[in-house]
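Work through the exercises below with the sequence and the model open. Each task is followed by a solution in steps.

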Amino acid sequence: MKTRLNPSFLAALPFWLSLLLIPSVWMGALMGNFWVFLPLAMSWYLFSALDAALGISTQNADPETPEPDLFWYKLITQIWVPIQFMSLFALIAYVPRAEHLNIWESLGLFFSTGAMTGTIGINYAHELMHQRNKLERWLGDLLLAMVLYSHFRSEHLLVHHRYVGTPHDPVTARYNEGFHRFYPRVLRESLISSFHAEKALLARKKRPWYDRANPFWRYWALQLAMLILAFVISGWFGIALFLMQAGCAIWQLELVNYIEHYGLTRAYLGNGKYEHVKPRHSWNAAHKATNWLLINLQRHSDHHYKPDRRFPLLQNHDTEDAPQLPYGYPVMTMAAMFPPLWRRVMNPRVRAWRRKFYPDIEDWSPYNKAKHELPK
């Protein structure tokens, strides 16, 4: 059942919970000790507890809601960019000069800051880079540059959405592939595939890869600017702190990427073609609190089905259309760090998904390894 989206600020307020991570980071900086891990504890454990207490929400907003009614929903992703920028570099200025913080507390604080720039920052960048508005795409580029992962935009838009659920997509986790194998593979392959995708796009326009239209020039320039700013503010220690949060943010992103499509594949039709992407090719989660924190990212089945939908209009898909995660993303990402536990929880669900949606496929091995030739 579709309901009219309430355009008021109060209705959008639950999605603004992410702003709580800003004071949690500064509380860690001011208090030191184990308080430095407060943002990580909030994003993982607090919202896991809230999911358990508040349950799930399957309510869907009318996808035809007019753009003006989305103002308070869109604003949070846009204002987050300057807020994160000021907080991150203010911390880089403050922490090296804070006598009450030792080296391990400082590094721990910036590891925890990566939970903010990864869980929220990269997620908001994901929402912004899907929009046609150039300003929003630039804001997304700024967020990605703050974690040195600018190529994610090219990889996500040109590779992942096109090849999701196939061996041609580096970000689709293979059945039985543990995160510790997935992570180094995706770091390497996503950078290569994103560059090749932009190079191919330019080649179709009879332009070389080094043409100024290649967004990688912008990616490199923005990332270099962030590193230079960190150095100007606090020298090499500032660079180290910046790299610590970026590393944690990237790890957070790829943990989420790992669970979103684990073991799910699109049927190969022959002649280099695969079936169209459907809600069944992404894991769905309807846990209310985490969907507030992650602006409905867990409605990932609908995001791939309709990539241009803004987050408040994403639809929840039930078990008839999409496979369901047993818990929200915080719990599932923690489980992904322990491959035996992950396989015990998820492998039976993947096998059940195969029986339900593809009962005629008996041999799944080609879908795990083979890269069928793509059409020219």
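**Exercise 1. Find the residue that forms a salt bridge with Glu 177, and state whether the two are buried or exposed.**

Step 1. Glu 177 pairs with Arg 185, and their closest N and O atoms are 2.7 Å apart. A salt bridge here is a side-chain nitrogen of Lys or Arg within 4 Å of a carboxyl oxygen of Asp or Glu.

Step 2. Both Glu 177 and Arg 185 are buried. Buried means under 20% relative accessible area, exposed over 50%, and partly exposed in between, with a 1.4 Å probe and protein chains only.

The model is predicted: local features need pLDDT of at least 70, side-chain atom pairs count only at pLDDT 80 or more, and totals for chains, interfaces and linings use all residues. Residues are numbered from 1 along each chain as its sequence is written, and side-chain values use heavy atoms, with hydrogens and water left out.

**Exercise 2. Describe the salt bridge between Glu 136 and Arg 310.**

Step 1. The N to O distance between the two side chains is 2.9 Å.

Step 2. Glu 136 belongs to helix 6, whereas Arg 310 sits in the loop between helix 11 and helix 12 (329-336), so the pair links parts of the chain 174 residues apart. Helices are DSSP runs (H or I, at least four residues) numbered from the N terminus.

Step 3. Glu 136 counts as buried because its relative accessibility is 4%. Arg 310, with a relative accessible area of 10%, is buried.

**Exercise 3. At what angle do helix 4 and helix 9 pack?**

Step 1. Helix 4 (residues 71-94) and helix 9 (residues 215-260) pack at about 95 degrees, with their axes 9 Å apart. Axes are lines fitted to C-alpha atoms over the stretch in contact, and angles run from 0 to 180 degrees between N-to-C directions.

Step 2. The helices are therefore roughly perpendicular, a term for angles of 65 to 115 degrees.

Step 3. Contact means heavy atoms within 4.5 Å. Residues making the contact include Phe 85 and Leu 88 of helix 4 and Met 226 and Leu 229 of helix 9.

Key. Helices (H or I, at least four residues) and strands (E, at least two) are DSSP runs, numbered from the N terminus. Angles under 35 degrees count as roughly parallel, over 145 as roughly antiparallel, 65 to 115 as roughly perpendicular and the rest as oblique.
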